[in-house]
Amino acid sequence: MCKVSKLWFVWLGYQGKLHLYFDGLHKKYGPIVRIGPNELSVVEATLIPQILGQQGMPKGPMWDARSFVPGRNMPSTPSLIGIRDVNVHAKFRKSWNRAFAPAVLKEHEESLVTRGTELVELLKGKILDSPDGVGHADISRCISQWSFDFMGDVAFGEDFGLMRTNDKDEHIHSLDEAQLLPALSQMVPWAKFFLGSIPSLTNRAKDFGKFASQQAQKRIAKTTGKKDLFYHLATNMDINDDQPPLPLVMSNSVLAIVAGSHTTSHVISNIIYYLLRQPEYLRRLQKELDITFPPSEQAVIQIDKLANLELLDAIINEVLRLQPPVPTYLQRAPPINSGGRLLNDLFIPEGTSVVVPPHAIHRDKRYFSPSPDQFWPERWYLHNETIVTDRSAFIPFSYGPANCVGRPLALLELRYITAILIYNFDFSFEEGYDPDQWDKDLFDRYVVIKGGLPPGSRLREKGRSNSFSDYLPTSNGLHEKHTLRSSLHFKPKPTTLVFSQEDLKRIWEWEVASGHYQSRRPFPNGSSPDIPLLNPGIPQDPIITTPHASRKQVRSTVGSGLRRTYVDMQSLPHNIGYPPRPVPGSIADLDIVMEQCDFGNNKYVRDCLEVLRIGAGLDRGRRIRRGNLDIWKYIYVEEGQRLTLPTPPKTPPKTISGITPKPSTSLEESLEPPLHLPPPRSYWTSSELATACDPDHPRIFHIFWGGPFTSHPYATILSFLFTQNLGLHLSPNETTASICRPQFWVWIQTGPAREANPKPGALKEMYDSLSSNPWSAPFLHPRFKDIIKFKLWNTTEQLDNIRELKDEWRSTNLFNSGGHVYEIPPDIDEKKTQFMNILKSRRDEDDLMNRIGSTSSSTYDRMRTILSDLARFVLCHRYGGIYLDADTIFLRDWEELWGWKGAFAYRWSRLPQYNTAVLKLNKGSALGTFLTRTALRHGLDFHPMTAITAYAEDAGLDNLLLRLPDALFDSPWLNTEGFQKDRPPSPPLTEFVHFFETPSAASSDAQSAGWKPWDPARNWPDLGSRFAEAERLGRLQAVDAARSSQQAESFSFITKAKARRALSKIIIEGEEEESVEDDKRDLDWATILKRTFESYIRGDSPNMYGEWIYW
Ligand code: HEM
């Protein structure tokens, strides 16, 4: 039938289930199906760019016939979406693009909040009016009214007033009805006038046509008003008139209303629907929102922060995937007189059109699995081999030059409205409602129209308050004050505070006086000291108020430090090809960095990286820019004279430093005893120090490693050697006295994570194992003895040497993470030990207590992770320095980060909580005391996201432990995160795995790099003759790996047999050179990094600062 005529589609279109029909066709006939005499439907992701993309085809013939009221009311000029000529479209599109530019979006935020609040109030009103406290409303209808009203603001600067009047004129209904005619006429363009003369079809459209044309007329009549869409369109077209011209407004007003309101209201209603079907997601989303916006009377949902919420974004994506508002007809066709188009080997003759149906491709298990038809938001953020989430097949906003121009606004709306609804209300299906009805009531009319959704809604009782002042401790325990909007069945989670407010203030004072707060950020509410604090970490303020001046609620500190000179980093003439080494003693102003890189404020990684590069002179002046780049200078040195000020009053330190611990008391029993702190540290600038290194601020990098040494820490240490100022380029006669060389301490944990003491002889065993392991042996070379130190981890010894913990840690369980305690079995006798050893030898991957190291992400070693959570705090507090997760790669000298004396921790850009993959604490600091004691009182829970975040925030000390965004540390792979895709860093790799298996098209971009822990062609330390033994061991391992069939895929570019031959040949014949032919052509980013570092160690090339290693 389809071969002969598309009238069949008119019938299907009338029924409104075209999207399901397309799903069925593709399931039955495959990815390319003929659906009409001259039309194909394609669900092949690789073809999307060729159909919809920049090099694709123009809009298809359906757009000649998609008119709401043909020949009447509506102008003959098509709106943007209907323009078939690509050049005309591109020209017009530019104005639309600018009308949705970020600055313009900011302008719309105000009305988004106003209309959003109106929607919340509308629902609250329904609840208040209801005798049983349950609001009964058709939420789908309310959301449609909201979206109309909001579009009225955005497009016409006009309040449509649908929420206010409950849409008494039924505009939404008439728009729904009006969609039928174009949905049918688009199928058979030749019949549009015939269809347009059927009264039952056109009558439905008339009312809406009247409404749209009234709005257009009103808009034109307005002389001044808000900067709405038409203002921006006219401005962008250089129409210097207050009133945009009639044809412009007329032709685009229907588009603005339909495209802008029906789409978003469809998605938000579906979000509510899916959350009600699977309420566990409703709870989880509420929790995510509560953590981000701790509930209180004043709690405000900040739009800026919403883009970073993992679950919220995943839920939105999942609904866009399952229910794209334009589910079927993304139609394109070869241009007229082009003769046709070739899509790979598929020829599309002129006169034939191609449709890409989002609904069908989104449910194709080749692109989304498991369970493509199920609502499962996790697929958007979980990564493992069993999950396929192919973003190249995700096209709810279409793709290419005619994709949805309103996408940025739509995302803003989806996030905000979903957030305020879910934050404020609890919803549940009304009794008697059949949830299956929802799907039945969805009709595909190009844009989907929906039916009613009647959940009962209640005002929500939210989680705990996090605000400092809400939880002031009292002498007899914890005072749980919470500010709720209603008081039903609510049990707030208790605060984590164990210190009195007095002590928290003293912690602040101590840190500021020690120069650990080089920031002008104000104190959080509630933690302000009573008197201004002198701060040697920031320059003297122009007018110094005497520190004795008693002021209540001091919001910031008084600078008493030296002048800051922001440096212009330039390469030196003799080294012009390389960036300059940082100036010794220079400091990164992290206030400036945070302004540019805090993704809580919707900043882009790419922009942050540019600032970081330019400010540090890493670009070597090669970027072409016109503006003044001085504002991006963030590196400074301290200069000038110190001001002598009267010493601020201090609580005299009582006796010796430290806590006087109370014997093990439970948290409920009492607060911490009064805190005794040592005198604050002296703050010295680098030029005031007698030596290059400051003993109070040792430069030690710590990593914690369990199990056999692998290519992960190998690459980390190589990158350390390649980038840090270690003086490796100097001969032994030259002095390194002027350099403060950082050290790299590798903490090796042998045996199972649960063992508190390594067994006797463990140290020797550790060295034996390191020297016989190819990945660690090179670092035992005498050349590195002063900078790389392997140390045996001993939990008992470490905890016994932390004064805050030593008397009490034994009464806790070591393995507590986020409140989840993993019980360690009681002492085991000899027999059991033997049994355990047998178990160990079997390497039971699931044996949490006994596993030795993790071998892959699928054997994620939970216990070791928990131990390492604790170890990083213990190590940094005891020795000072920076802890790094063992898979970190250094890409520049960290001099300026050492210069910043404050504490900091890494956070993911998309999540507000701490992640301590990087952690810096000052040796024996007040903050360290606070953290270790608080963790102890919570059963040694050092989980970064739940525990540490709560400790720091509840105490108002989070500004002392700065959250540094991940762009500073692992920038390239952030490409894969949500909104970053709008402006991805280069190269724009869309999958994390592409850093390791880089698509050849992206491997030629030399701007950026990633890391794979091995080099598939040379999977051994390739460090030259000085490290021949390590290489030999590594090659042997590689041969073994090649023999193992599981590993064979690592060698996919050459056959397994060939790999084995090549490797054995080299081992046997020793000296023979490999052929370049054996090597891979398009190197993965990870491989490029490994080879670059190794080349430096071999002495074949200089490091990133142009220095050659001295051998
Ligand atoms: C969840 C919300 C939205 C979705 C899923 C969506 C989806 C789409 C899709 C699939 C197209 C492309 C049709 C094609 O390729 O043939 C499109 C085009 C368009 N959308 Fe959206 N849209 C949404 C919200 C908005 C909003 C809020 C506006 C604002 C007015 C808007 C304005 C437009 C315009 C003007 C076009 C035509 C673009 C062109 O042809 O260059 N959309 N939309």
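**View 1. A network of salt bridges links Arg 115, Glu 118, Asp 153, Asp 159 and Arg 164.** A salt bridge is taken here as a side-chain nitrogen of Lys or Arg within 4 Å of a carboxyl oxygen of Asp or Glu, and by this rule the count comes to 49 salt bridges. The model is predicted, so that local features need pLDDT of at least 70 and side-chain atom pairs count only at pLDDT 80 or more, while totals for chains, interfaces and linings use all residues. Residues are numbered from 1 along each chain as its sequence is written, and side-chain values use heavy atoms, with hydrogens and water left out.

**View 2. Glu 158 and Lys 218 are joined by a salt bridge between their side chains, at 3.5 Å from N to O.** This pair links distant parts of the chain, 60 residues apart, with Glu 158 in the loop between α7 and α8 (162–165) and Lys 218 in helix α12 (residues 199–221); helices (H or I, at least four residues) and strands (E, at least two) are DSSP runs, numbered from the N terminus. Glu 158 counts as buried at 19% relative accessibility, whereas Lys 218, with a relative accessible area of 42%, is partly exposed (buried means under 20% relative accessible area, exposed over 50%, and partly exposed in between, with a 1.4 Å probe and protein chains only).

**View 3. Arg 564 and Asp 589 form a salt bridge through their side chains, at 3.3 Å from N to O.** Arg 564 lies in strand β16 (residues 563–566) and Asp 589 in the loop between β17 (587–588) and α22, so the pair links distant parts of the chain, 25 residues apart. Both partners are buried: the relative accessible area of Arg 564 is 15%, and the relative accessibility of Asp 589 is 4%.

**View 4. Helices α7 (residues 139–156) and α9 (residues 171–178) pack at an angle of about 90 degrees, with their axes 10 Å apart.** Axes are lines fitted to C-alpha atoms, for helices over the stretch in contact, and angles run from 0 to 180 degrees between N-to-C directions. The two helices are therefore roughly perpendicular to each other, a term that covers angles of 65 to 115 degrees. In this contact (heavy atoms within 4.5 Å), Ser 144, Gln 145 and Phe 148 of α7 meet His 171, Ile 172 and Leu 175 of α9.

**View 5. Cys 404 is found in the loop between β9 (388–389) and α19 (407–424).** Cys 404 is partly exposed, its relative accessible area being 32%. Leaving aside neighbours within four places in sequence, Cys 404 is in contact with Arg 93 and Phe 397.

Technical notes
Angles under 35 degrees count as roughly parallel, over 145 as roughly antiparallel, 65 to 115 as roughly perpendicular and the rest as oblique.
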